[in-house]
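Reader: I am new to this structure. Please pick a single part and take me through it closely.

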Amino acid sequence: DFSKSAYQGLERIKGSINPKNHKKASSVVQSLPSYISTWGLHRLAGDANKYLKAKSDDTKYKGEVYSEFLKTLQDLSKVAFAPNDPSTLIGMHLSAYTGLNRLAIDLSREWSFWAVTILGESEDG
């Protein structure tokens with residue numbers, strides 16, 4: 001289920017973003033393990049909202065990647081948080097948040113594993 005969740009999440013991203021951004025999205029996906037380890041899920045949710053509101057496709061794809069990752073994490077974990085609301089993550093009990101963050105790091109590694117296969121070789125963007 002873990003690998004299947006990652007694969008399906010990336011397939012949803014591939015179908016939802018402009019094909020010209022697939023390689024840049026692959027780069028974003030491959031940087032997720034480091035991003036989450038450094039900044040955490042609450043920052044990821046905040047950045048997802050910020051990028052989703054962007055008017056330019058040149059950055060909006062990042063919000064779509066982050067948002068889909070959080071939705072996939074929620075579906076997999078069954079933890080009650082709103083993927084589009086960082087305050088639900090900030091308000092979690094520390095042990096619940098830490099466990100969810102750890103699962104997110106593992107899921108992000110699985111996403112990174114599948115990124116090239118689904119979205120193509122990474123490209124900075």
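Author: What follows is a close look at helix α2 and then at a neighbour, α3. The model is predicted, so local features need pLDDT of at least 70 and side-chain atom pairs count only at pLDDT 80 or more, while totals for chains, interfaces and linings use all residues. Residues are numbered from 1 along each chain as its sequence is written, and side-chain values use heavy atoms, leaving out hydrogens and water.

Helix α2 covers residues 22-39; helices here are DSSP runs of H or I with at least four residues, numbered from the N terminus. Its 18 residues should span 26 Å at 1.5 Å a residue, which agrees with the 24 Å between its end C-alpha atoms; the expected span is 1.5 Å times one less than the number of residues. At Leu-32, α2 bends by about 45°, the bend being the angle between axes fitted to the seven residues ending there and the seven starting there. Pro-33 follows within four residues. After α2 comes Gly-40, with a positive phi near 90°.

Leu-32 and Pro-33 are also among the buried residues of α2, which include His-22, Val-28, Val-29, Tyr-35 and Ile-36. Buried means under 20% relative accessible area, with a 1.4 Å probe and protein chains only. The buried residues of α2 pack against α1, α3, α4 and α6, where contact means heavy atoms within 4.5 Å.

Helix α3 has twelve residues and reaches 16 Å from its first C-alpha to its last, close to the expected 16 Å. Its buried residues, among them Leu-41, Leu-44 and Tyr-51, pack against α2, α4, α5 and α6.

Conventions: Helix = DSSP H or I, 4+ residues; strand = E, 2+ residues; numbered from the N terminus. Buried < 20%, exposed > 50% of the residue type's maximum accessible area, 1.4 Å probe, protein only.
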